[in-house]
Amino acid sequence: MGSLWDGVSFDFLTSRLNWGSFDSYRLPLPSLDGYRALATLGLLLALYLGYYLLFVVSKPRVVGGGTEFRNLVLTHCPSLSRPYWPTPWAFHAHLSTILRALLQKRPALLFKRELLVLSDGGEVALDWAEPKEGGVERLRFESPVMLILPGIVGCSADAYIQHLAWDGLIEGYRSVVFNQRGLGGVALKTPRTYCASNIDDLQEVMTRIKSHYPSSPIVGVGVSLGGMQLTQHLHRAGPDCDLQAVMAISCPWDLFKTQASIEEQMFSKRVYSGFVASRLKEIVRRNMSILAPSEQTDSAYDADHILQAETVTQFDTRLTAPMFGYSSLQHYYSAASNHDHVHKIRRPFLCLTAANDPFVPKDSVPFEGFENNPLTVLAVTSHGGHFGYLEGAFPVSYMWMNSLCRQYLKAMRHYRE
């Protein structure tokens, strides 16, 4: 059988389709200016790629730790022995820090809330994580507990905290988030909030966890201010610490240098210090009946003056320092800074920080303290921002710090004192 097109000439087709001559359908060639533009674009892309490969992609610098603990960490944390590949179009400190908060999606997670009434009448929320669906191993009564402390205005509703809780569940930990006073949807019951140097509430939280699971070791994971509080507990408790181990992520070490880093430049002052101050002021606004002076409360805080604060420093001067009994901002920042106390830590401690973290200047990190303590390891990436650690072309879910967190949790399952 012949084809349907047998006997149909090419001339007939062109005449019916009215194609005209081929000359009228030639693609126009780029002009000389077009070639120059393409060449310039190609050169810029090559330079960008070269810079990325030479100065951005690199292995973390690992400092400190005695032979036994360091080897344990490096064995179970392969991320520390491989290059970290930040998102190529967002490796700048500000982009990494800001876009993580804007882009990261939450995992399929549920929380069961436990309200803890503290000894002074205050109240905090402990949110125990559970998966919406399967995918994690069944927890036993004696399974270890992962205690998560968010950043300065963070809570269990934040995506980065939920991903950390998910990391714990994946590694067989019972994950619980400690929401500070006035956060996580819990109103203040007393005229007191929280600060980087006070760990009274943290100690009561750990006591409650131990009452639930007396045979379960507790591993603390703290981000930013949460890491500072865990570090405070570690160096104060020494060998009597209730925690089996700690991981601190993007943890400021010297608040005076942090203050200078986020408030001396206009961008950081407005975007970082200004944003955090606005969130802290929201706590005050939501709890005016407790914090504002009245006949029903003995509070002596000038709420109007506090609400005029435009930076973290102003807020801490007007509320945080006097609230916790400090005579001045300098007194408070000296007490909250941990850079001189690494040698007192007597539990396994991993600290992750980025050299370009706008909240943690590199010269504020106590490298010598880590080098001289066999139970502490410091991992410094060249990029990552303030707990940004974007990874992949479209960083909307899992971040590089989560990989390291899982690996460290697994390592602590193998740790023996």
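Which residue in E3 is the bridge partner of leucine 115? Select leucine 115 and look across to E3: the partner is alanine 125. Keep in mind throughout that this is a predicted model.

**The E2–E3 hairpin**

Now widen the selection to residues 109-117 and 123-131. These are strands E2 and E3, and they pair in the antiparallel sense over 9 bridges. The hairpin has 5 residues between its strands. Pick glycine 121 there; its phi is positive, near 95°.

**The second largest pocket**

Stay with E3. It gives 4 residues to the lining of the second largest pocket, the largest share. This pocket has a volume of about 240 Å³. Its lining counts 13 residues, and Ala129, Glu130, Pro131, Leu139 and Leu169 lie nearest the centre. Show strand E5 (174-179) as well: along with E3, E5 gives two or more residues to this lining. Colour the lining by class and you get 7 nonpolar, 1 polar and 5 charged residues.

**Into helix H7**

Next, go to serine 224. It sits in the loop between strand E6 (218-223) and H7. Most residues other than glycine have a negative phi. Serine 224 counts as buried because its relative accessibility is 9%, under the 20% cut-off.

Step on to residues 225-237, helix H7. Its 13 residues reach 18 Å from first C-alpha to last, close to the 18 Å expected at 1.5 Å a residue. How many of the residues in H7 are buried? The count is 11 of 13, leaving the helix mostly covered. Among the buried ones are Leu225, Met228, Leu230, His233 and His235. Just after the helix, select glycine 238, where phi is positive at about 60°.

Return to Gln229, one of the buried residues of H7.

Select residues 349-354. This is strand E8, and 6 of its 6 residues are buried, so the strand is largely enclosed by the rest of the structure. Phe349, Cys351 and Thr353 point one way; Leu350, Leu352 and Ala354 point the other way.

Strand E7 (residues 245-249) pairs with E8 in the parallel sense over 4 bridges. Find isoleucine 249 and its bridge partner in E8, leucine 352. E9 also pairs with E8 in the parallel sense, over 6 bridges. Here threonine 353 has valine 380 in E9 as its bridge partner.

Follow the loop between E9 (376-381) and helix H15 (400-413) to tyrosine 389. Its phi is near 50°, a positive value in a residue other than glycine. Tyrosine 389 counts as buried because its relative accessibility is 0%.

**The largest pocket**

Finish at the largest pocket, with a volume of about 990 Å³. Centre the view on Ile152, Val153, Phe275, Val276 and Phe359, which lie nearest its centre among 46 lining residues. Elements giving two or more residues to the lining include H7, helix H4 (93-103), helix H5 (159-170) and helix H12 (312-323). Which element gives the largest share? Select H9, which gives 8 residues. Colour the lining by class: 29 residues are nonpolar, 11 polar and 6 charged.

How values were computed: Residues numbered from 1 in each chain as written. Predicted model: local features only at pLDDT ≥ 70, side-chain atom pairs only at ≥ 80, totals over all residues. Heavy atoms only, no water. Expected span 1.5 Å × (residues − 1). Buried < 20%, exposed > 50% of the residue type's maximum accessible area, 1.4 Å probe, protein only. Pairing = 2+ DSSP bridges. 1 Å grid on protein atoms, 1.4 Å probe; cavity = no way out; pocket = protein on both sides within 12 Å on 5 of 7 lines; lining within 4 Å. Points joined across faces, edges and corners; volume = space filled by probe spheres on them. Nonpolar A, V, L, I, M, F, W, Y, C, P; charged D, E, K, R; others polar.
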